[in-house]
Amino acid sequence: MDITTERQDGILSALVSGRIDGSNVIQLEETVRTAIEDGDHAVMMDLENLSYISSAGLRVVLIIAKNVRARDAKFALCAMSDQIRQVFEVSGFDKIVSIHPSRAEAVASFGN
């Protein structure tokens with residue numbers, strides 16, 4: 001798994017590639033958690049290059065989303081492959097976490 005973070009206009013983007021599983025979920029959670037700054041009003045995880053996510057990975061995505069929302073910020077996932085999106089849909093996580101087809105649509109969902 002590789003994680004790259006970038007920030008623009010108060011939106012933290014975490015680009016995640018590779019696989020998320022039990023061997024690296026702690027790294028994912030810590031990387032995103034420590035990257036969030038007080039001025040961030042939204043956090044977006046771009047999963048375009050994600051090839052696999054385990055149930056442990058789904059759990060950490062929910063933990064991150066919950067922590068972001070506790071900061072009174074918005075959270076969204078975007079740009080995932082059909083295979084990864086199916087995992088979120090089958091597990092029901094698409095009802096809990098905002099998912100968008102593209103980065104632009106995720107950014108637009110955050111409003112001002």
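**Exercise 1. What is the accessible surface of the protein, and what share belongs to carbon and sulfur atoms?**

Solution. The model is predicted. Start with the total: the accessible surface comes to about 6000 Å². Then take the share: 46% of that surface belongs to carbon and sulfur atoms.

**Exercise 2. Describe the fold order and judge how compact the protein is.**

Solution. Step one: count the elements. The protein has 4 helices and 5 strands. Step two: order them. From the N terminus they run β-β-α-β-α-β-α-β-α. Step three: apply the globule rule. The radius of gyration is 13 Å, close to the 13 Å that the rule gives for 112 residues, so the protein is as compact as a globular protein of that length. The C-alpha trace spans about 30 × 25 × 20 Å along its principal axes.

**Exercise 3. Characterise the burial and the contacts of the protein.**

Solution. Burial comes first. Of the 112 residues, 42% are buried. Now the contacts. Take those between residues at least 6 apart in sequence: 70% of them join residues at least 24 apart.

**Exercise 4. How far apart are the mean positions of the positive and negative charges?**

Solution. Count the charges: 11 positive and 16 negative. Their mean positions lie 6 Å apart.

Conventions
Residues numbered from 1 in each chain as written. Predicted model: local features only at pLDDT ≥ 70, side-chain atom pairs only at ≥ 80, totals over all residues. Heavy atoms only, no water. Helix = DSSP H or I, 4+ residues; strand = E, 2+ residues; numbered from the N terminus. Rg over C-alpha atoms; globule rule 2.2 N^0.38 Å. Buried < 20%, exposed > 50% of the residue type's maximum accessible area, 1.4 Å probe, protein only. Contact = heavy atoms within 4.5 Å. Areas by Shrake-Rupley, 256 points an atom, 1.4 Å probe, with all protein chains shown as cover. Lys, Arg positive; Asp, Glu negative; His and termini not counted. Charge placed at Lys NZ, Arg CZ, Asp CG, Glu CD.
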